[in-house]
Amino acid sequence: MPVRVHVIDRSRNRFLSMVYRCPRSKKKVERSTGTTNRRDAERAAARWEDELNSASPSGDGSLAFGHFIDLLDERHLKGLRPKTRTDYLGALELLERYCQPATLRDVTSEMLTEFVGEMRADDRRRSEETIRSRLAAIRASINWAVDAGMLPFCPRMPRMPRRRQSAGGMHGRPLTDTEFGSIIAATPGIVGEARAHDWQRNLTGLWLSGLRLGEAISLSWDRSDVISIDLTAARPMFRIPPGTDKSGRGKLLPITPDFAAMLDETTERSGNVFTFSKLRPGRTGGDLGEYASKTITKICRAAEVLTSEHPPRYASAHDLRRSFGARWSRQVMPQVLQLLMRHESIETTMKYYVGQDVEHAISVIWDES
């Protein structure tokens, strides 16, 4: 949608002004024409209008922030993975909501420091990792603006605390079979007897498949646009459609025998494999992934399954995935484990799952000696 710039006369100002309404934020952006002559002011407004609607806006950062988001989305983000695009737009819209930059050059180091403070003070209680990822998206977006000639330089980003990791590089830890049994037993007390069976099946699926929670929620028997079950070969596999993971490539990946056995017991083979979408009370509003994540943590809290004592931290959906990785790291080579975990890099597999279980290694050595 083209931007239209108009000349206005404000009696309090020495010079005539020119103004336009940002197509995204719907806010008015105004600047001086530097002249009292109406004809010269109209010419200045026409030049600014051409600049705003051209492929190469001025490099002084005077572009309206909302208009910058539109250009970034149209010329860059639409070529990225859908999740990456959503993350970038979410971070920029959050900055716009908290700090209200009128133009691109308003995004200064001071404003970004204020932005971090606002995110920490928000009732949503965002983690430092979430705040770090929001800043990274904003940094990448502004660097794109610099490369595109819209801004002379990228402002300095606030210094963030160093990442704190637990032993072995993990934020949680693998769970034992006994702990998982306690989680299954505690489920009816949190979700009720009527929904307990479906929740227990979903939890068992996470335990046996190694799927991330979002992957499990969307896992389908028959859709081609999300991760799905492929039964066309001798053994069942996960079918990953193009553009849904970090590699951006479509591929087939192995399923372990115990999860395959669970799938084999399922008679209804259409729609979603798991029933997360049917288990939310009322099924109205909110994010399904967030609801499922919080419910699983409540169940783990009821089961008293802690993954950290100081500070106290209860097990989560991702700890079920960690448990899958730890179990299979004892049985397969790292290259096979990489496929089972669907890691893009073998370094990730080596860092988090290979050689981490010292107690198991000691027991194997002494049992075999």
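Biologist: What does the charged end of Arg327 sit over?

Modeller: The charged end of Arg327 sits over the ring of Trp207, 4.3 Å from its centre, where a charge counts as over a ring if NZ of Lys or CZ of Arg is within 6 Å of the ring centre and within 35 degrees of the ring normal. This is a predicted model, in which local features need pLDDT of at least 70 and side-chain atom pairs count only at pLDDT 80 or more, while totals for chains, interfaces and linings use all residues. Residues are numbered from 1 along each chain as its sequence is written, and side-chain values use heavy atoms, with hydrogens and water left out.

Biologist: And which ring does Arg97 lie over?

Modeller: Arg97 lies over the face of Tyr98, 5.3 Å from the ring centre.

Biologist: Switching to ring pairs, how many aromatic pairs does the structure hold?

Modeller: The structure holds ten aromatic pairs, a pair being two rings of Phe, Tyr or Trp (its six-membered ring) with centres within 6.5 Å, called stacked if the planes are under 30 degrees apart, edge-to-face if over 60 and tilted for the rest. One of them joins Trp199 and Phe276, whose ring centres are 5.7 Å apart and whose planes stand at 85°, so this pair is edge-to-face.

Biologist: Why does that pair tie together parts apart in sequence?

Modeller: Because Trp199 lies in helix α7 (residues 193-209) and Phe276 in helix α10 (residues 276-279), the pair links parts that are 77 residues apart in sequence. Helices (H or I, at least four residues) and strands (E, at least two) are DSSP runs numbered from the N terminus.

Biologist: Are Trp199 and Phe276 buried or exposed?

Modeller: Trp199 counts as buried at 0% relative accessibility, and Phe276 counts as buried at 2%, where buried means under 20% relative accessible area, exposed over 50% and partly exposed in between (1.4 Å probe, protein chains only).

Biologist: What about α5, what span should its 20 residues have?

Modeller: At 1.5 Å a residue, helix α5 (residues 128-147) should span 28 Å, and its end C-alpha atoms are 28 Å apart, which agrees; the expected span is 1.5 Å times one less than the number of residues.

Biologist: Which elements cover the buried residues of α5?

Modeller: The cover includes α2 (65-75), α3 (82-99) and α4 (109-121), with contact meaning heavy atoms within 4.5 Å. Among the buried residues of α5 are Ile131, Leu135, Ile138 and Trp144.

Biologist: What follows α5?

Modeller: Gly149 follows α5, and its phi is positive, near 80°.
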